[in-house]
Amino acid sequence: MSTPPTAASAERIVLKEGTEVPLVFATDLNSKTAVDDDTVNMTLAGDLKVGDVIVVKKGAPALATVTHAKKAGMMGKAGELSIRLEYLKSGDQRLRLRGSKGKEGEGKVGATVALTVLFGPVGLIKHGENVDIPPGTPLTAYVDQDYPLLAAK
């Protein structure tokens with residue numbers, strides 16, 4: 001009795017704020033060579049679904065920006081690297097991303113904290129070395145707001 005949905009009648013599915021987005025680094029990122037404001041290319045590691053419906057397909061491009069890069073220094077000082085997650089591309093729509101599940105405070109300071117992922121003494125580096133993130137390294141991001149989307153084709 002029901003008719004198949006057409007493009008005009010297709011229901012929009014809401015991708016909720018806080019949804020996990022599994023990303024992988026598309027290229028090498030290193031605190032020795034990275035500079036502030038560098039673009040960091042990433043890709044979606046698996047299909048993004050709402051229920052059983054795929055809304056963004058695996059391999060979709062995502063973008064981040066280097067916000068702080070510091071080479072390893074003298075006397076065993078470790079390199080430092082921070083990136084700000086920007087967006088995941090779904091068709092011609094950009095879905096804003098952030099680095100933490102919950103919203104962290106209001107205003108500019110809170111927004112910066114919520115969007116920045118720090119790579120430091122968290123097992124990615126050894127004492128006195130540069131931060132080196134090879135391609136394929138996973139990173140979980142989170143959708144920054146609710147987005148109405150169509151099912152992926």
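Apart from its neighbours within four places in sequence, serine 90 makes contact with Val55, Val56, Leu95 and Leu149. This residue belongs to strand β8, which spans residues 80–90. Serine 90 has a relative accessibility of 13% and counts as buried, because the limit for burial is under 20%. These values, like those that follow, were computed from a predicted model.

The secondary structure of the protein consists of 1 helix and 13 strands. From the N terminus, the elements follow the order β-β-β-β-β-β-β-β-β-α-β-β-β-β. Of the 153 residues, 35% count as buried. The protein exposes about 9200 Å², and carbon and sulfur atoms supply 55% of this area. Among contacts with a separation of 6 or more, 67% are between residues 24 or more positions apart.

Strand pairing was examined for β2. Strand β2 (residues 20–25) and strand β12 (residues 138–143) run antiparallel and are joined by 5 bridges. Within this pairing, glutamate 20 has tyrosine 142 of β12 as its bridge partner. Strand β2 also runs antiparallel to β4, with 3 bridges between them. Here valine 24 stands opposite threonine 43 in β4.

Side chains of opposite charge can pair when their charged atoms come close. In the whole structure, 4 salt bridges were found. One of them links glutamate 17 with arginine 98, with 2.3 Å between the closest N and O atoms. Glutamate 17 lies in the loop between β1 (13–15) and β2, whereas arginine 98 lies in strand β9 (residues 93–98), so the pair ties together parts that are 81 residues apart in sequence. Glutamate 17 is partly exposed, at a relative accessible area of 30%, while arginine 98 is buried, at 1% relative accessibility.

A salt bridge also connects aspartate 144 and arginine 96, whose closest N and O atoms are 2.9 Å apart. Because aspartate 144 is in the loop between β12 and β13 (147–149) and arginine 96 is in strand β9, this pair ties together parts that are 48 residues apart in sequence. Salt bridges that share partners join Glu17, Arg96, Arg98 and Asp144 into one network. Aspartate 144 counts as buried, at 11% relative accessibility, and arginine 96 is partly exposed, with a relative accessible area of 41%.

A further salt bridge is formed by glutamate 86 and arginine 84, with the closest N and O atoms 3.0 Å apart.

Backbone geometry was considered at aspartate 37. Most residues other than glycine have a negative phi. The phi of aspartate 37, however, is positive, near 75 degrees. Aspartate 37 is located in the loop between β3 (29–30) and β4 (39–44) and is exposed, at 63% relative accessibility.

Technical notes:
Residues are numbered from 1 along each chain as its sequence is written. This is a predicted model: local features need pLDDT of at least 70, side-chain atom pairs count only at pLDDT 80 or more; totals for chains, interfaces and linings use all residues. Side-chain values use heavy atoms; hydrogens and water are left out. Helices (H or I, at least four residues) and strands (E, at least two) are DSSP runs, numbered from the N terminus. Buried means under 20% relative accessible area, exposed over 50%, partly exposed in between (1.4 Å probe, protein chains only). Contact means heavy atoms within 4.5 Å. Accessible areas come from the Shrake-Rupley method with a 1.4 Å probe; for residues, only the protein chains shown count as cover. Two strands pair if DSSP finds at least two bridges between them. A salt bridge is a side-chain nitrogen of Lys or Arg within 4 Å of a carboxyl oxygen of Asp or Glu.
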